Amino acid sequence: MTPILFLILATILWGVWGIADKYAVTHAHPFTVQWMYTVPFILTLPLWYWLGRNAQPETNHNPTALAWAGLAGVASLLALLLLLFAMQRQPASLAVAFTSAYPLVTLLLAVVLGAEKVTVYKVGGIGLIVAGLLLLQAGE
């Protein structure tokens with residue numbers, strides 16, 4: 001499969017994720033939803049470990065990768081919890097759309113860390129994301 005197809009499928013799945021989280025917080029407290037959300041991760045942990053060990057065994061115990069992945073996991077966990085609390089009072093489309101401004105943070109961090117350079121196209125794309133958020137909030 002091509003990277004574009006992966007991105008299309010990921011986008012569709014994130015759309016399902018957003019509405020599923022909204023329905024979950026309409027039936028349970030965000031703390032409850034958070035533990036329920038982690039169950040599939042826990043159940044698939046042995047599978048991911050095994051696949052990683054077989055795909056690229058030399059990286060399966062890399063401490064630098066583990067630290068970065070741990071940071072990503074903690075950030076994701078806390079971001080989701082905050083999103084779940086917001087979804088209790090906001091429409092799912094608005095709450096998830098608001099968080100879609102995260103590429104701005106990613107770009108800023110990537111520039112600071114020297115991993116990327118700012119381009120006119122990246123700034124323009126982020127500007128469009130911010131404009132879209134303003135339009136969405138104006139319509140609420």
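The largest pocket is lined by 27 residues, and Trp-14, Ala-75, Ser-76, Ala-79 and Tyr-102 lie nearest its centre. A pocket here is an open set of points on a 1 Å grid over the protein atoms alone, with protein on both sides within 12 Å along at least five of seven lines, and lining residues have an atom within 4 Å of a point. Two or more lining residues come from each of α1 (3-27), α2, α3 (63-87), α4 (92-99) and α5 (102-112); α3 gives the most, with eight residues. These helices are DSSP runs (H or I) of at least four residues, numbered from the N terminus.

The model is predicted: local features need pLDDT of at least 70 and side-chain atom pairs pLDDT 80 or more, while totals for chains, interfaces and linings use all residues. Residues are numbered from 1 along each chain, and side-chain values use heavy atoms, without hydrogens and water.

The lining of the largest pocket divides into 21 nonpolar, six polar and no charged residues. Nonpolar covers Ala, Val, Leu, Ile, Met, Phe, Trp, Tyr, Cys and Pro; charged covers Asp, Glu, Lys and Arg; the others, Gly among them, are polar. Of the 22 residues that line the second largest pocket, Leu-45, Leu-66, Ala-69, Gly-70 and Gly-73 are the closest to its centre. Its lining holds twelve nonpolar, ten polar and no charged residues.

Helix α2 (residues 30-55) also contains Gln-34. Its side chain reaches the backbone oxygen of Leu-77 at 2.8 Å. Beyond its neighbours within four places in sequence, Gln-34 is in contact (heavy atoms within 4.5 Å) with Leu-77, Leu-80, Leu-81 and Leu-84.

How values were computed: A polar contact is a pair of N or O atoms within 3.5 Å; within protein, one must be able to donate a hydrogen and the other to accept it, and residues adjacent in sequence count only if both atoms are side-chain atoms. On a 1 Å grid over the protein atoms alone, a cavity is a set of points where a 1.4 Å probe fits but cannot get out, and a pocket is an open set with protein on both sides within 12 Å along at least five of seven lines; lining residues have an atom within 4 Å of a point.
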